[in-house]
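This briefing concerns the protein shown below.

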Amino acid sequence: MEKWEKDLHSGRIYDPGDPEVAAEQMKWQEKMYDYNHTRPSEGEKRVQLLKEMFAEIGEGCCIEPPFYANWAGKFMHFGDGVYANFGLTCVDDTHIYVGSHTMFGPNVTLATANHPMLPELRYKCYQYNLPIHIGTNCWIGSGAVIVPGVTIGDNSVIGAGSIVTKDIPANVVAVGNPCRVMRELNERDREYYYRDRKIDWDAFDGYTFVGKAR
């Protein structure tokens, strides 16, 4: 591993404007350009490009263009069946981990990079990076922003427009700015899918909810 890549993943302050870093990053940006200019009918081409771009990407993943990422997914790890609606933006200067069957609404931002508060350091554009971990079967609502170093537990729902600045546990609904846990997922969620609208379980055959048969 090159020194510049070690700097990205060390959590220490470094200079992202290093010419070697910029040159390497450009190669990955070119791949992302190709991905974002595929036609809707070119599903197989998109799958192949994602395999080239991402550190890891599972089976059955779908990322709707446009997709934006500093490194085009070079440090991103997706499980199986991850879906991202239009406009997913990933500041993937270090690793982003997303569990299987997680969904992202439109215009979600996952940002691993941060800058020092000290003006003298920020004037030089120095930065540091902290990884993001998102669990299995999560739903991240439209316009949510997840900042460096955050972990979101399995099955949790992040409300639209939320700014997630701290870790969120598993099996909860969390909303707001800053994002806070509103409630735990519970038995009522097995009966109602929205307010007073009941789930028609007869419409599902062998359906499994959060790892448990109904």
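Five strands form an open, parallel sheet in the order β1-β4-β7-β12-β15. The edge strands of this sheet are β1 (56-57) and β15, each of which pairs on one side only. The model is a predicted one.

**Overall architecture**

- The protein contains five helices and 23 strands. Its radius of gyration is 19 Å, close to the 17 Å that the globule rule gives for 214 residues, so the protein is as compact as a globular protein of that length.
- Along the principal axes, the C-alpha trace spans about 60 × 45 × 25 Å.
- Of the 214 residues in the protein, 40% are buried.
- The protein exposes about 12000 Å², and carbon and sulfur atoms supply 52% of that area.
- When contacts between residues at least 6 apart in sequence are considered, 27% join residues at least 24 apart.

**The β12 and β15 pairing in the parallel sheet**

- Strand β12 (residues 132-134) runs parallel to β15, and two bridges join them.
- Ile 134 has Ile 152 in β15 as its bridge partner.

**The β18-β19 hairpin**

- β18 and β19 run antiparallel and are joined by four bridges. Together they form a hairpin with four residues between them.
- Within this pairing, Val 173 stands opposite Arg 183 in β19.
- Of the five residues of β19, the number buried is zero, so this strand lies largely in the open.
- Gly 176, in the turn of the hairpin, has a positive phi of about 110 degrees. At 31% relative accessibility, Gly 176 counts as partly exposed.
- Leaving aside neighbours within four places in sequence, Gly 176 is in contact with Ser 162 and Ile 163.
- The C-alpha atoms of Gly 176 and Glu 52 are separated by 36 Å, and the two residues are 124 apart along the chain.
- The loop between β18 (172-175) and β19 (180-184) also holds Pro 178, which is joined to Asn 177 by a cis peptide bond.

- Asp 189 is placed in helix α5 (residues 188-191). This residue is buried, with a relative accessible area of 15%.

**Backbone features in loops**

- The peptide bond between Pro 65 and Pro 66 is cis, with omega about 0 degrees. Pro 66 is found in the loop between β2 (62-63) and β3 (68-69).
- The peptide bond between Asn 177 and Pro 178 is likewise cis, with omega about 0 degrees.
- Asn 155 is not a glycine, yet it has a positive phi of about 70 degrees. Asn 155 lies in the loop between β15 (151-152) and β16 (157-158) and, at 15% relative accessibility, counts as buried.
- Asn 171, also not a glycine, has a positive phi of about 65 degrees. Asn 171 is found in the loop between β17 (163-164) and β18. With a relative accessible area of 33%, Asn 171 is partly exposed.

**Cysteines**

- How many disulfides does a search of the whole structure find? The search finds zero.
- Cys 138 illustrates the reasoning: a disulfide needs two cysteine sulfur atoms within 2.5 Å. The closest cysteine sulfur to that of Cys 138 is in Cys 179, at 12 Å, and is therefore too far for a bond.
- Is Cys 138 buried or exposed? Cys 138 is buried, with a relative accessible area of 1%.
- Cys 125, by contrast, is partly exposed, with a relative accessible area of 48%.

Definitions and conventions:
Residues numbered from 1 in each chain as written. Predicted model: local features only at pLDDT ≥ 70, side-chain atom pairs only at ≥ 80, totals over all residues. Heavy atoms only, no water. Buried < 20%, exposed > 50% of the residue type's maximum accessible area, 1.4 Å probe, protein only. Pairing = 2+ DSSP bridges. Rg over C-alpha atoms; globule rule 2.2 N^0.38 Å. Contact = heavy atoms within 4.5 Å. Areas by Shrake-Rupley, 256 points an atom, 1.4 Å probe, with all protein chains shown as cover.
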